[in-house]
Amino acid sequence: MRQLPVRMARWSARHAGRAIAGWFAFVVLCLVAGIALGTNEATTKDFWVGEAGRAEATATEGGLERSPTERIMIRARSGELDMATAGAAARDVTERMRGLPEVESVAVPVRSKDGEVLLVSVVLNGPELEGKKNVVPLLEQTAAVGADHPHLVVEETGSPAISKGVNDQRDEDLALSERISLPVTVITLLMVFGSTIMACVPLLLALSSIAAAIGLSMVASHVMPDAGVGTNLILLIGLAVGVDYTLFYLKREREERARAGGRLGPEALVELAAATAGRAIVISGLAVIVSTATLYLATDVIFSSLATGTILVVAVAVASSLTVLPAMLVVIGRRADRLAPRRAARRARRGKPARAVKPETGRVFGALLRPARTRPALTLCLSVLVMLGLTVPALGLKLIDPGKDTFSRDIPAMRVYDRLTESFPELFVTHEVVTRSTSEQAAQVKRALADLGRRAQADPLFARAPKEAESTKGAQDAKDATSPETPTNPKVPETPTNPKVRQSPTNPRTPAIVEPTVRTSADGRISVLELSVPHPAPSTEAIESLTRLRQDHIPATVGRLPGVETAVSGDVARGRDYVSHESDKLPLVLGFLLLMTFLMTVWAFRSVVLGAIGVVLNLLSAGASLGLLVLVFQGTWAEGLLAFDSLGAIASRVPLFLVVILFGLSMDYQVFVVSRIQEARQNGMSAREAVLEGINRSAKVVTSAAVVMVTVFGAFVALHLTEMKQMGFCLAVAVLLDAVVIRLMVLPSALLLLGERAWWPARRPGRTVRAQEPAAAGSPAEVG
């Protein structure tokens with residue numbers, strides 16, 4: 001592995017044209033292959049987790065799975081709703097929707113309790129996840145009905161429309177993040193290199209790596225289904241690591257160029273850079289890949305999709321740094337060598353002195369390093385205490401699975417959803433009780449489920465309104481109200497009714513108590529009971545209703561029947577079971593992550609002590625960033641500052657994903673900094689001198705790379721989706737803390753205090769003689 005980066009750089013340097021053409025041919029091939037195969041998207045069953053997943057699998061087996069449903073609301077633009085006009089609009093909606101191939105059925109209209117809204121429910125064909133693809137024609141027809149009835153507001157919502165709105169908003173947000181991060185990245189690179197060409201090289205390679213990774217991810221989706229989040233992560237991680245890896249390589253090549261003073265050609269310079277920075281890039285990339293691969297242990301389609309996207313883009317970024325980058329540097333170097341005499345002559349004619357080599361560490365970095373250099377013990381203690389203090393809020397971490405109730409109200413379908421649930425609170429949440437039994441037990445199960453429904457309705461946490469299509473008398477009344485023969489019939493019921501409805505005698509606005517209807521499969525083995533809860537999914541009441549259903553009502557009814565399997569699904573059950581599933585997997589993932597981090601560091605530097613230090617430092621960085629995440633997003637004080645509505649908790653996917661990614665990214669800086677220290681040590685410096693030399697030489701480039709990462713991740717704080725805000729914030733804060741506090745204060749302080757003991761059990765190497773003419777010798781001396 002030590003010689004691989006050098007051999008690759010040597011070949012690319014000697015065949016620069018072929019290397020560059022081959023790279024871009026590879027990128028095009030990846031895109032063409034991905035487009036040709038398309039993306040194999042995850043299906044509904046890929047998301048089944050826990051008891052809710054078992055319930056949905058059972059319901060699907062019996063043909064009773066949940067179908068994507070849209071709700072069209074008709075209300076007056078001002079004043080009271082005129083039922084004649086509303087009825088005409090409802091007939092128009094019904095006729096238009098029934099004519100669409102995407103629609104399975106249209107229910108009869110139902111009037112809200114206050115009489116101000118007429119609701120038409122439309123069931124789409126296909127599985128639940130397909131709804132967001134098929135909803136566009138429905139939205140178009142709804143808009144057309146609204147245009148034909150200007151005195152009414154005709155609007156549509158539902159899970160398909162909301163999902164489409166979220167996807168559209170995410171695409172707009174990603175474009176916004178690119179508009180923010182790309183200019184800042186270019187400016188940062190210009191400040192580092194002072195050259196437009198050199199600044200464009202990292203950006204070009206990062207973008208080409210992202211393009212290749214997207215194509216490869218489409219191919220990989222046929223092995224592991226894509227959950228719809230992989231591309232977002234490829235863009236996020238690809239720009240960060242792609243620029244970073246190229247930046248480290250470029251800085252080392254320029255350093256070797258300055259040291260050589262014109263005595264070495266471009267080919268020799270890239271070989272020297274490959275022997276040091278190239279090796280560090282390979283180790284760093286492997287560390288990120290190994291760390292990210294632990295996400296597969298979560299056995300979750302979303303985490304698997306995130307892991308696949310990250311692994312692919314990091315692997316491609318490493319490959320670009322080892323192949324096409326040396327070739328581009330040789331081309332740029334040859335051009336610079338041709339222009340150098342003319343530039344020198346021009347400066348001489350103007351009486352300007354030759355440009356002096358800038359010091360590796362400026363005033364700012366020197367000031368940051370001074371505490372560790374002069375008082376390492378005090379600096380170490382104070383820095384660790386600060387990081388531990390930032391970690392404390394993480395002890396109060398609360399997790400939530402964000403559902404549609406948490407999405408941004410900038411999405412039109414979400415604003416309609418709020419109006420829908422205000423008029424029809426029973427549509428907030430539905431618990432689905434699914435049973436499996438023998439055919440002989442079907443009647444007994446149906447009675448037990450009916451008893452369960454009655455017990456639930458007596459519980460204040462529950463409310464039940466029958467489905468529009470299940471209402472006998474209510475359906476006939478609605479049909480009469482909207483049929484051509486009776487277009488002005490004002491007798492649309494204020495609440496859906498059937499012969500078993502009992503209206504509350506004390507409060508006419510209280511939801512009706514309904515004898516629930518049980519749906520049963522054709523063979524009688526599988527049954528589904530739906531129970532409505534008039535509270536949003538993330539609310540305490542909705543969660544408590546699920547707990548009471550599972551622990552009290554089911555055991556007292558259908559749970560008593562021998563041999564009958566029972567499980568509960570629904571929006572609340574899905575979220576709670578998903579959080580529970582992740583919590584159960586967290587120790588396994590974290591344990592393997594710590595082990596892999598330790599082993600990778602020991603393998604890279606042959607030091608058990610450095611391996612232990614790496615684990616501790618990564619834990620400090622991850623803990624502090626999670627603590628700040630909880631402090632900012634779990635409360636409400638920062639809502640106005642960062643433009644979000646607090647969920648009172650952290651999105652359940654965020655902590656596990658962030659810990660894994662942060663460990664990988666922290667290894668980036670660990671490898672690059674310690675590699676420079678190891679190189680100085682192998683060149684004969686004392687332990688103290690090697691630490692100071694390595695930190696001095698790496699501080700500026702590591703901090704510049706951190707600025708790029710912080711910009712890329714920080715741009716996600718401007719997005720609408722709270723989950724993405726949390727990810728971007730935590731990643732940006734973690735990288736900033738890692739680059740400044742960990743790498744400039746904690747790490748050098750610890751290494752200065754440990755001295756040679758930091759490298760145990762490796763022996764102190766003899767002095768390595770640096771090769772001055774690698775091109776003539778055949779290969780550069782192995783350094784680091």
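1. A residue is called buried here when its relative accessible area is under 20%. By that criterion, 54% of the 784 residues of the protein chain are buried. The model is predicted, and this applies to every point below.

2. Overall make-up. The protein chain holds 25 helices and 11 strands. Taking contacts between residues at least 6 apart in sequence, 81% join residues at least 24 apart.

3. Helices α7 and α8. Helix α7 spans residues 159-193 and helix α8 spans residues 196-220; their axes lie 8 Å apart, and the packing angle is about 135 degrees. Angles over 145 degrees would count as roughly antiparallel, so α7 and α8 are classed as oblique to each other. Their crossing is right-handed. On the α7 side the contact is made by L182, T185, V186, L189, L190 and F193, and on the α8 side by T196, M198, A199, P202 and L203. This set consists of 9 nonpolar and 2 polar residues, with no charged ones.

4. Helices α23 and α24. Here the axes of α23 (residues 687-714) and α24 (residues 722-754) come within 9 Å and cross at roughly 175 degrees. The pair is therefore roughly antiparallel. Residues of α23 in the contact include R688, V691, L692, I695, A699 and V702, and those of α24 include G728, L731, A732, V735, R743 and P748.

5. Helix α10. This helix covers residues 266-293 and has a bend of about 45 degrees at A274. Of the 28 residues in α10, 23 are buried, and the helix is thus mostly covered.

6. Residue A86. A86 belongs to helix α4, which runs over residues 83-98. Is A86 buried or exposed? A86 has a relative accessible area of 0%, so this residue is buried. Leaving aside residues up to four places away in sequence, A86 touches I74, L81, L118 and L152. The C-alpha atom of A86 is separated by 10.0 Å from that of P109, a residue 23 places away along the chain.

7. For checking against the model. Points to inspect are the bend of α10 at A274, the right-handed crossing of α7 and α8, and the contacts of A86 with I74, L81, L118 and L152.

How values were computed:
Residues are numbered from 1 along each chain as its sequence is written. This is a predicted model: local features need pLDDT of at least 70, side-chain atom pairs count only at pLDDT 80 or more; totals for chains, interfaces and linings use all residues. Side-chain values use heavy atoms; hydrogens and water are left out. Axes are lines fitted to C-alpha atoms, for helices over the stretch in contact, and angles run from 0 to 180 degrees between N-to-C directions. Helices (H or I, at least four residues) and strands (E, at least two) are DSSP runs, numbered from the N terminus. Angles under 35 degrees count as roughly parallel, over 145 as roughly antiparallel, 65 to 115 as roughly perpendicular and the rest as oblique. A crossing is left-handed if the near helix is turned anticlockwise from the far one by less than a right angle, and right-handed if clockwise. Contact means heavy atoms within 4.5 Å. Ala, Val, Leu, Ile, Met, Phe, Trp, Tyr, Cys and Pro count as nonpolar, Asp, Glu, Lys and Arg as charged, and the others, Gly among them, as polar. The bend at a residue is the angle between axes fitted to the seven residues ending there and the seven starting there. Buried means under 20% relative accessible area, exposed over 50%, partly exposed in between (1.4 Å probe, protein chains only).
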